[in-house]
Amino acid sequence: MTAPVSRLLVGTDADQGLVSDDANWLQWLSAHTDAGWRPGEWDGSLWLFTGDLDSDRTAAWRCRTPGCPTAARGFNGRCSSCRRARAAPGVCEEEFDRAPRRRPTRPVARGGCVVPDCGGELHCRGLCFRHERAWRKAGGGPLEEFIAQARPLIGTEPCLVAGCGRERVTRRGLCRFHGNRLQRRCNPASMSHEELAAWVADEKPRISAHQFSLAGLPELVRFELLYALQQRDEAPPPLDPLQVRILISRLDGASSLRHADPEAVCESGGVQYNSAIKGLFRDLRRHLERAWTQCTGTDPYAGNVWRVELLDLQSNGSRRWPATKGTIDFGPIELPWLREVLKDWARNTRPYLQGLRQALRACHVASQTLVACGRADPASLGAGDFVRIEQAIVEQRRTDGSPHSASHRTQLLRLFCAVVEHGRANALMTDVPDPFRPPQRRHRVIEDANEEQLGRALPDMVIRQLDQHLDLLGPAGRHGSMGAPDLQAMHQTIYQILRDTGRRPGEIVSLKIGCLEVIDGQHNLIYDNHKAARLRRRLPITTDTAEIIAAWQRHRTQLPTAPATRQWLFPSPLLRFPAGPRSLDRLLRRGGVSGLDALDSQDRRRTAGPRRGTAAVRSLADHPICAAAQLRSATRRRRRARRCAQRVT
Ligand SMILES: [Zn+2]
Ligand SMILES: [Zn+2]
Ligand SMILES: [Zn+2]
């Protein structure tokens, strides 16, 4: 990174300040974007991204129809053209694969003319537009003969539409695709130069499922998007061209991504699209805000209120991506010396955001305690004050008056001690007398119950009923790359492991392929306790449970799953990334838990209450969710029926 470009802060003329801000910002962005990004995929001259269908870093795949060159939206899925071609005659997947009846479409991928040395672009029959026309004029004889005697042509200028890049073939300077488009709208001959220019400026290049184009966007937005996408691309998840396209379509004339309306960008599609777009938009904005601080030379750690998106801190041990939302306000800590020590600790040790918030809480309690007993002067502090603070932290209660868990209070104590030790070690507490420091023997609040015991999360009543109707559990339709029988088997396995182990839903859905271990005939389940950040825990399980898991493992090997989900025992059929802790919830909601009407309302009420796995109980037994999911699938069925009827008439 080069030195930040200093911002002009001259005069009181706000408009002028804005203009020079934008100019500097654009200059900074263009200096910090990587021209060599994603070679083979990113074409900087056309501002066009074409995803590599074989790359794990791009969320685009080949259509599963043999011989189809078009990209598909999901792994093992079909392109829209093949999907339609299969649905219309209603043939089954396997039958269609044996004899695909795809409608021929103009290739989206570019190619060259087969006439040796011809500079023309592939149009059809292997020939460029001009050669194909010449061949037809000549009577359309054998192609080989025509090719053998044809003379190569020089390639023409590209189409006028920004980012199109295809060969110009019409008199108005358009490619075949855009020429046809214009013709469908009006008679090109009757158009004035100005009208044509306005039409061209509004047009977008023709792109396929695995592409996105930044051409045609305002220059600043284009550079902001490119810079932020490049920054985001440094780590997973894979780049999804469709998401970028949706995002672009929702920017709606914004002059800068930094000032785009989050409401308009994140809330204008269906739920499923919004959540993905929200994640993408927030992340891109985070990168841009961080870049903005670099560009303007602002210190994100200055002042008492820090913006989380600028700090690049992970939320916690199991959420390994930077947090984006909210602020951290050091203002409530009244004692200036303690506030400065805490800020220095946060800045230099880079804790998880969760840890930082806990340390803030502990320091707030400490500050309140000292102020309350008249110890605001740091020079007056002694060992007794430290004990007093510890006591106050141990006695912390929630807003409803109930005590916090022992582990939470122990954690607050530990963090407060860490902050004070940091202050001592870095000579930030020279005003505070030496006896004010953590004691040798650490305070520990009463032991928690053993986390790792085999527990039972679901109430017996629910278990009895679910077991009776086990064969009905799971969605009735296919999702993504998985068919209904596979999805049902997966849901049933997840339920049975939840039932038998009492683990949290997030711990079950994040099991890896090799999660079973046998030591001296005893089966263990290896799982990650995300909540307490204890990874690879071992839980003894019964032979029956082990057999359920092993049976699914065998079934799992037969499933077609995307490379990115190979390590997971329960691959998500819709997500292209490894299953997250909320996947179970998502799976159950999306799929709809059919067959759970059997649970009567009384039982559902009994399932309420703070138990581990309440989320699972909610997903499994809560009627509104089932009803909503069933309603959704019923609506889908109705829509499909309507579409079929339209096609027939
Ligand atoms: Zn296809
Ligand atoms: Zn040619
Ligand atoms: Zn064009």
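Two strands pair if DSSP finds at least two bridges between them. Helices (H or I, at least four residues) and strands (E, at least two) are DSSP runs, numbered from the N terminus.

## Basis of the report

The model is predicted: local features need pLDDT of at least 70, side-chain atom pairs count only at pLDDT 80 or more, and totals for chains, interfaces and linings use all residues. Residues are numbered from 1 along each chain as its sequence is written, while chains are lettered from A and ligands numbered from 1 in the order in which they are written.

Strand 13 (residues 522-529) pairs with strand 14 in the antiparallel sense over 6 bridges. N529 lies opposite R534 of strand 14. The hairpin of these two strands has 4 residues between them, and A533 takes a positive phi near 55° there.

An open sheet is formed by 3 strands in the order 12-13-14, with antiparallel pairing. Strand 12 (516-519) and strand 14 (534-541) are at the edges with a single partner strand each, so one side of each has no neighbour in the sheet. From one strand to the next the twist averages 35°. Helix 19 (residues 543-557) packs on the sheet and touches strand 12, strand 13 and strand 14. Its direction makes about 140° with that of strand 12. Angles run from 0 to 180 degrees between N-to-C directions, and axes are lines fitted to C-alpha atoms, for helices over the stretch in contact.

## Helix 12 against helix 13

Helix 12 (residues 336-349) and helix 13 (residues 353-372) have axes that come within 11 Å and cross at roughly 165°. The two helices are therefore roughly antiparallel (angles over 145 degrees count as roughly antiparallel, under 35 as roughly parallel, 65 to 115 as roughly perpendicular and the rest as oblique). L338, L342 and A346 of helix 12 make the contact with L356, A359, L360, C363, A366 and S367 of helix 13; residues are in contact if their C-beta atoms, placed from the backbone, lie within 7 Å.

## Helix 13 against helix 15

The axes of helix 13 and helix 15 (residues 406-425) come within 8 Å and cross at roughly 80°. That makes helix 13 roughly perpendicular to helix 15. On helix 15 the contact residues are Q411, L412, L415, F416 and V419. Those on helix 13 include G355, R361 and A366.

Technical notes:
Two residues are in contact if their C-beta atoms, placed from the backbone, lie within 7 Å.
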